[in-house]
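Please look through the model shown here with its chains in view.

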Amino acid sequence: MKTANTLTIDGLKITIEGEKNLLEVIRKAHIDIPTFCYHSELSIYGACRLCMVDVSGRGVVPSCSTPPEAGMEIQTSTGQIRSLRKMIIELLLANHEQSCTTCQKNTSCKLQELANRFGVTKVRFKKAAAARPLDNSSPSITRDPNKCILCGDCVRMCREEQSVGAIDFAFRGSNVTVAPSFGKGLSEVECVNCGQCARVCPTGALTPKSDVAETWKALEDKSKYVIVQIAPAVRVAIGEHFGLEPGTIATGQAVAALKRLGFKKVFDTSFTADLTIMEEGTEFLKRLEKKEKLPIFTSCCPGWVKFAEQYYPELNDNLSSCRSPQQMFGSLAKELLPEKYGIKKEDLVIVSVMPCTAKKYEAAQEKFAVNGIKDIDIVLTTQEFARMIEEAGLQFNSLTPESFDLPFGFKTGAGIIFGNSGGVSEAVLRFVNEKVCGKKNTGNYDFLQVRGLEGIKETSISTPAGTLKLAVASGLKNARTLVESMKRKEVHYDIVEIMACPGGCIGGAGQPVYYKPEVKEKRAKGLYDNDKMLELHSSQDNPYIKELYKDNFGEAGSRKAHRFLHTHYASCKRTHSGEISILKGNSVNKLEVTVCFGTSCFLKGSQSILKGLVDHIKLSGLEDKVEVKATFCFEKCNSGPNARIGRKLLEKCTIGLAVETLMDEIKILKECASV
Amino acid sequence: MPETLSLKEIGLGYSRLKNGIKARVVVCAGTGCVANGSLEVFDALKKSLEQNGLDVVLELKKEENGTLLSKSGCQGFCQMGPLVTIFPQGVLYTKVKPADAEEIVTATIKANKLVERLVYSNPSTGERTAILSEIPFYKKQHRYVLKSCGVIDPEDINEYIADNGYSSAENAAFNMSPEVICRDISASGLRGRGGAGFLTGRKWDMARIQKSAKKYIVCNGDEGDPGAFMDRSVMEGNPHSVIEGMIIAGLATGADEGIVYVRTEYPLAVKRMRKAVADAFALNILGSNIFASDKSFNISVMEGAGAFVCGEETALLASVQGERGMPAPKPPFPAQSGLWEKPTVINNVETLATVPLILRHGTAEYRKMGTEKTPGTKTFALTGHVANTGLIEVPFGTTLRHLLNEVAGGVTGEDGSVSLEAFKAVQIGGPSGACLTRDHLDLPLDFDSLKSIGAMVGSGGLVVMNTCTCMVAISRFFMQFTQNESCGKCVPCREGTKQMLNLLDDILEGRADDTTLPLLEELAVAVQRGSLCGLGKSAPNPVLSTLKYFRQEYTAHIKEHRCPSGSCKAFIQYSIDPALCKGCMLCAKKCPSGAITGELKKPHKINTAACTKCGICVASCKFKAIKGAA
Amino acid sequence: MTNRNHRKFEEVCRILEKNGNDPARLIPVLQQVQEVYRYLPEEIMSFVATSLNISPAKVFGVATFFSHFTLKPKGKYIIRVCDGTACHVKTSTGILDALYKKLSLSEKINTTPDMLFTIETVSCLGACGLAPAVVINERVYGQMTPEKTSEVLDGIIKTEEKQKEAVNA
């Protein structure tokens, strides 16, 4: 008997349970439908045509965009369909740079996997496209258009999940390419370096930039003392590369591997995560006391920080001024360790192993260098770390576990859960709970409301100082939604934790490639299990942190702590486009006027300032003497609208001020000319 | 508030104004005739009329006596343009020049005499016909949708109304429920003219039953098939019929907003549609409470930006939303979730222009034309190697033979002769269509019979090709087109069309071998089966149909390195016939690659190794001594 | 001269306002902007992105998708050779080749250095009855041959030279 809600897949009866498309139903029947462009979290795109199945009465249809209907009879692998899939892969290969053996994605490439699976042994077509240049401009991500199969996963990820839209399709037909605006490099546009594009890229077209060679070079340089820090999320994912279950805690093997690779010391970023909680927690309590700069936004995620600097410059003051754990580590180590180890500061090389691509960008920022010496020299992703292990021939799973070095290798569980979305919040809660409410975190130290993979989570705790409200967002689209609703004053929070990657650092783009959604869940669980296994669970209990304060910084939030552990933020332009010439000014000795037309200034009325200035210039017959341009962003969005007139930068500019300054500057120019 | 005169009053008013008009001169101002200088002819006529002391009326605003001089939309007979028609006689003058104006006025208008040299003469028989409706090109057609095109002034809404225009929409607004409109249109059997021939009534019904406060009607005027210009002609010649069709579609589905999407390559159509929309708003035929009813309908006009794929519904909608025009998978169908995710009906221009006529004349009357399953008429753009190129309209089911022999006046051969002998094939439906051959001369042209042989009506381009046309080169031409116009989204279309083009180039340039054709066919089937949208699915049609009917031409190219029609450059060998060569040295001088040598007054020679086969020598030789052979 | 940039920029601001800074109006906005500049300068596209609150990559994507948009300045006279089916079977390619040769241009470099001419092909102007057709700016020329096209160009070149002389005098 035919029940109302079943359909048949390759002869098997399957119940429809609210699946939106056939593909999900077929997967439920344990049939691995091949696809490049279907991701449950992204919109349906329907372009790769691999998921085509035969629905009786309808013919060959794409399963990703066909809603399941009761009574459907589906065949997923007819001869017709297999030959179509084979042809599609062959066509893609014809237009793909086939340098598989040297490709970063070798063995984790989906195109390679499917070519193998469908037995494509020969490409009968000519290679069509001419080679396109590599985009190496970004410190985080390498873009190789020659390997792109145009599935659009990256475009939709960047737009839909991250609400950035730094890359999009450009051109048409066989010239289509995925590119940043105007064909610029990734580093010149609004890319926040989160690398989620690379995470979903099925081929080697978008990959985390590799710094492996540089690391080997440092390790082999006898004059260098190379140490390493390893982030919490790495330990629960590295094993996947070597066939272990996702979420397996492989800390001991990872430390052993790093030592075998030649790192002199192996430290734990969780230590500086504990330190971050001390600083950030203290900072929050101070703000709470003064009732200023609230809510406090976390600042450990460099993807989020760049996002905020670009789109929400008005939040600069609300961001916690704490450096991220990675950068705290760098600053600390570069300050304290040379003396301890009896080496020169410039000979100390610090490598980070991170789940993240944005950390590469963060470490490269000028503000994180002292006298030209970078706090962090090299950032490796989990993937790169795995590759080094492989290159060295180490059998990861058989390594005898080893322990971190002290003092920066000792952490509490609070520093471990940093790797999960909600982890920082939970760690802060454990801190605040004790400091404000005076409750010692013994026994139950879990705050389950902020756990899990939902995009936006919230909780509140009541304290003697009132109820504290807390929000957690991961994925920048969720961050944007949250911030926008805060801006509209629909919601109010005291603490907001934001991670650029969905699920937090465990879902970072530097982690081993995975295609199954449950992987993130297992990694998250791994970190919470790790927390349970540790002796301490609150950062403030970390004895080495206490010692650090005693010996070096005095107390949390001290002046010295600020110097080493805090930073500042600046608004950051989204695009590096040229200026728009408004008035040319023909005379040799002309006054230069530039009005900012970046989004922030534009919204604050720079258009009327420009108009006022130009009207005045025309009225006073000064057209020859002034050159007027509109430009994109002086990176001073908070004080906009901005204009530069001659040597003067005018903030919070008005027409009156602009005209007055213009006349002054003209006068000076005249005087100079007459002398 | 717009003046709310009833349509009847407006129509009567217009007729009253026309009472005093003694003669009417209609100058065709379709794109073709304008290109040939019809606007200059118009000015010259105006001047001549005035100089001859005749009152010239350019716009009927008040009751006047005199000669009404107006411009019309495309009359279809583009090749013979500029066209001037004179009423009441109904005389058609062809290829009129400004210098002819004076004679037209003094002879025909004043003295009722023909200007013989401007009268149409049949190129094959030499027979002369002065009366428009008697000319075979028109006589053998059945102009239904195009009836008013080329007669009425497209920029005068009053003339449309006087011709019963907007009466169907008004009637629908007051007297017909959405269900009844959908039922009537379904009963008429009207099928969408844009391509696959989906039943219009059913499409409307699908949108009608959607529960949504907002629905849209989109008129698809993105006519991009090369070799087709029916929609352009309707928009230029009778824009109000399209608007009326849209209003009715709105009433039938509950939509209150319409968008006319016109190809940017049609500036005149854009201009006329915009003016027509504005005029309709002014008379409250568009806007809130149209015809003083409780219904509302607004229309805006949007220009495309140059992408063939935007003729595909979902791609068109994407571009209306400010996105790249890339098709989206269906379902959901636009009728369920279209523009801004609201139910949206997308109809082709010709379809919409037919709708008011169906309601006006009744479905039974409509069904008298055409065939059982495909009632009505179809406009075709008849082009290529025929004596009469232009825009035509015939009932569905008409045979190709009738079209070619009667309407088109025969097929032209390379030497200019006119006969059916020179006929080789006709490409129907543009780059998505297929070719029909001699075997199909008696096939009734309708959706189903064409589909049965792997062809389609498409938008209605008919490109006739004579025996000198290489079918492999033609299929490469279409492949090049679809490859250029592929949006690049799905793999089979983006990569597949590119590789098909490569394989065709291999064939045409002598690089193909035994594996080429099987691979081409395998790939064609994959592209057909696997592509996302109609453009991709139909892209291999020209290749597959030429392979079916002209396979021997492919094999000749591959196996014998020979082009049977002698037109493929790669296989041509030029030689100079020493018997005919006078040694004038002109060819040697003109040859860009210095491949021709010889002394004055002695026969020349071509060095085939240096020859680039540009053909300049052939054109330059006055003695026809140089020949190319494949 | 000096005012031209400003007038153009003001025009762009007006266009954006007229279209209500509505991101859905991106295509009409770009069309109107292109009418002002005769092409789409990068910095103006950035400005459009800012004003419509969409990412510049999307503006770039749309501008490069539609063939009507051009990112490079075009010549004063845009010659569009129709290569629709009807024109193609009536050997429009011969006209195109002759034009390329006459102006020393190619498919890749299609604008003369003096910015006088740009050669393009267009797939069907809908003037199939006049095949082969060539459009120069707004004017359609029907039933063309390489020779006739060349004559038309010569006419334009002569007019331009005369104008130049008049200015110089």
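This is a predicted model: local features need pLDDT of at least 70, side-chain atom pairs count only at pLDDT 80 or more; totals for chains, interfaces and linings use all residues.

In chain A, the domain assignment gives domain 1 (6-77), domain 2 (122-208), domain 3 (213-565) and domain 4 (580-674). Taken over C-alpha atoms, the centres of domain 1 of chain A and domain 3 of chain A are separated by 41 Å.

| Interface | Residues in contact | Buried area | Share on carbon and sulfur atoms |
|---|---|---|---|
| Chain A and chain C | 41 residues from chain A, 26 residues from chain C | about 2700 Å² | 63% |
| Chain C and chain B | 36 residues from chain C, 49 residues from chain B | about 3100 Å² | 61% |

Between chain A and chain C there is one salt bridge, formed by A:Lys184 with C:Glu42, whose closest N and O atoms are 2.8 Å apart. Seven residue pairs, both at pLDDT 80 or more, are in polar contact between chain A and chain C. On the side of chain A that touches chain C, the elements giving two or more residues are β7 (167-170), β8 (177-180), β20 (580-583), α20 (599-603) and α21 (606-619) of chain A, and α21(A) gives the most, with five residues. By class, that side of chain A has 18 nonpolar, 13 polar and 10 charged residues.

Between chain C and chain B there is likewise one salt bridge, in which B:Glu323 pairs with C:Lys58, the closest N and O atoms being 3.3 Å apart. Six residue pairs, both at pLDDT 80 or more, are in polar contact across this interface of chain C and chain B. The side of chain C that touches chain B receives two or more residues from each of α2 (26-37), α4 (56-65) and α5 (85-89) of chain C, with α4(C) giving the most, five residues. The residues on that side of chain C divide into 18 nonpolar, 12 polar and six charged.

Within chain B, B:Ser620 belongs to helix α25 (residues 616-620). Because its relative accessible area is 10%, which is under 20%, B:Ser620 counts as buried. A polar atom of the side chain of B:Ser620 lies 2.9 Å from the backbone oxygen of B:Cys617. Leaving aside neighbours within four places in sequence, B:Ser620 is in contact with B:Leu586, B:Cys587 and B:Lys590.

Conventions
Residues are numbered from 1 along each chain as its sequence is written. Chains are lettered from A and ligands numbered from 1 in the order in which they are written. Side-chain values use heavy atoms; hydrogens and water are left out. Contact means heavy atoms within 4.5 Å. Buried area is the accessible area (1.4 Å probe) that two parts lose on being put together, summed over both. A salt bridge is a side-chain nitrogen of Lys or Arg within 4 Å of a carboxyl oxygen of Asp or Glu. A polar contact is a pair of N or O atoms within 3.5 Å; within protein, one must be able to donate a hydrogen and the other to accept it, and residues adjacent in sequence count only if both atoms are side-chain atoms. Helices (H or I, at least four residues) and strands (E, at least two) are DSSP runs, numbered from the N terminus. Ala, Val, Leu, Ile, Met, Phe, Trp, Tyr, Cys and Pro count as nonpolar, Asp, Glu, Lys and Arg as charged, and the others, Gly among them, as polar. Domain bounds come from an automatic or database domain assignment. Buried means under 20% relative accessible area, exposed over 50%, partly exposed in between (1.4 Å probe, protein chains only).
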